[in-house]
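Me: I would like to go through this model term by term, setting each value against its definition. Please show me the sequence and the structure.

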Amino acid sequence: RNGRSNVLQLVGDYHNPILKPEAAATVKTRGEESLDHYGFHNPRNQCWPNGVPFVLPSAGMEMFQQSDHITFHYLVDHQVRHVRLNAQHPAKITPSWYGDSVAHYEGDTLVIDTVGIKAGPFAMVDWYGTPQSPALHVTERYRLISYEDAQEGYARDAKENARNQQAFDPDYRGSVLQLLFTVDDPNVFTAPWSATVTYRHMTQDQWLENVCAENPRKYGTEEDAQVPTANVPDF
C-alpha cells in the first residue's frame, strides 16, 4: 500500500481475466487474509514440499546433470527434485509432490516438461494463493545468457520483489542462468501464462542450512507451522 513490496501482505490481482471465477475468489480470499493478519498458509511457511512451479523462484538452486537425469537441489528446506533426460512420461502417472518431469535439449536450451503434480493441503502455484488442480502442466526452459542481458531481469526482480542483494556475489560477471516457464491449468486459468526467473550467482558462504520443520514455531506472531507428520511408518 505504500509502494514497497511486503512479503507478508501479498494480494493477487483477482480481477485478472486469466483467472476462472472460482480461482479468482480464492485469490481474493487469500489477499484479504494477507491484509488482515500475517499472510496465509502456503507450502513454504507450513514446511510442506513446495511443488512446481511454486519452488522455482527459490532462494537458492543447484542443478546437477548426469548422463540420464538431472537433480535439482533447492536451498529452502533442502528440497530435491529429479528430472529424467531424453525420456517419456509413463502412460499412467502416480501424482507426486514435484510431478513427473522429463527433459531434453533444444539447441542450448534445456526444456523440462512436468505433469502429475500432487496437490498437498496448502498447494498453490504462486505466492498469491492461486490454486492448482490435477490438470496442472508446467514447462521450463533454461538457458545461459550474458551478464549484460540479465540486468533487465535483475532490475525487475529488485523492484517487484525487494530481493536481498547481499546474498549475491557482487564481483560475478559471467554467464547467467535464466528460466522461462509456462503454466497451463485449464481448471484454474482461461489460458496458459509465462514468467521468467533470472538467477544470480551466490557467494559460497550463503548456502546455509535451512530446515523448516526444525523450527516450526512463529514466535507469537501466528500459529505454529502444520508440519507434515505420519502416524504410522510408510516403509
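Me: Which residues on the other side of α1 are exposed?

Reply: Pro21, Glu22 and Asp36 are exposed there, where exposed means over 50% relative accessible area, buried under 20% and partly exposed in between, with a 1.4 Å probe and protein chains only. This is a predicted model, in which local features need pLDDT of at least 70 and side-chain atom pairs count only at pLDDT 80 or more, while totals for chains, interfaces and linings use all residues. Residues are numbered from 1 along each chain as its sequence is written, and side-chain values use heavy atoms, with hydrogens and water left out.

Me: What makes the buried residues of α1 lie on the same side?

Reply: The buried residues are Ala23, Ala24, Val27, Gly31 and Ser34. They cover an arc of only 100 degrees around the axis, which puts them on the same side of α1; the arc is that of the directions from the helix axis to the C-beta atoms.

Me: Why are β1 and β8 called edge strands?

Reply: The open sheet of 8 strands has the order β1-β2-β3-β4-β5-β6-β7-β8, with mixed pairing. Two strands pair if DSSP finds at least two bridges between them; β1 (61-65) and β8 (193-198) each pair on one side only. Within the sheet, 5 bridges join β5 (residues 109-115) to β6 (residues 137-145), and these strands run antiparallel, with Asp113 opposite Thr139 in β6.

Me: How do you know whether Asp77 and Asn86 are buried, partly exposed or exposed?

Reply: Asp77, in the loop between β2 and β3, has a relative accessible area of 22% and is therefore partly exposed. Asn86, in the loop between β3 and β4, has 64% relative accessibility and so counts as exposed. Neither is a glycine, yet phi is positive, about 65 degrees in Asp77 and near 50 degrees in Asn86.

Methods:
Helices (H or I, at least four residues) and strands (E, at least two) are DSSP runs, numbered from the N terminus.
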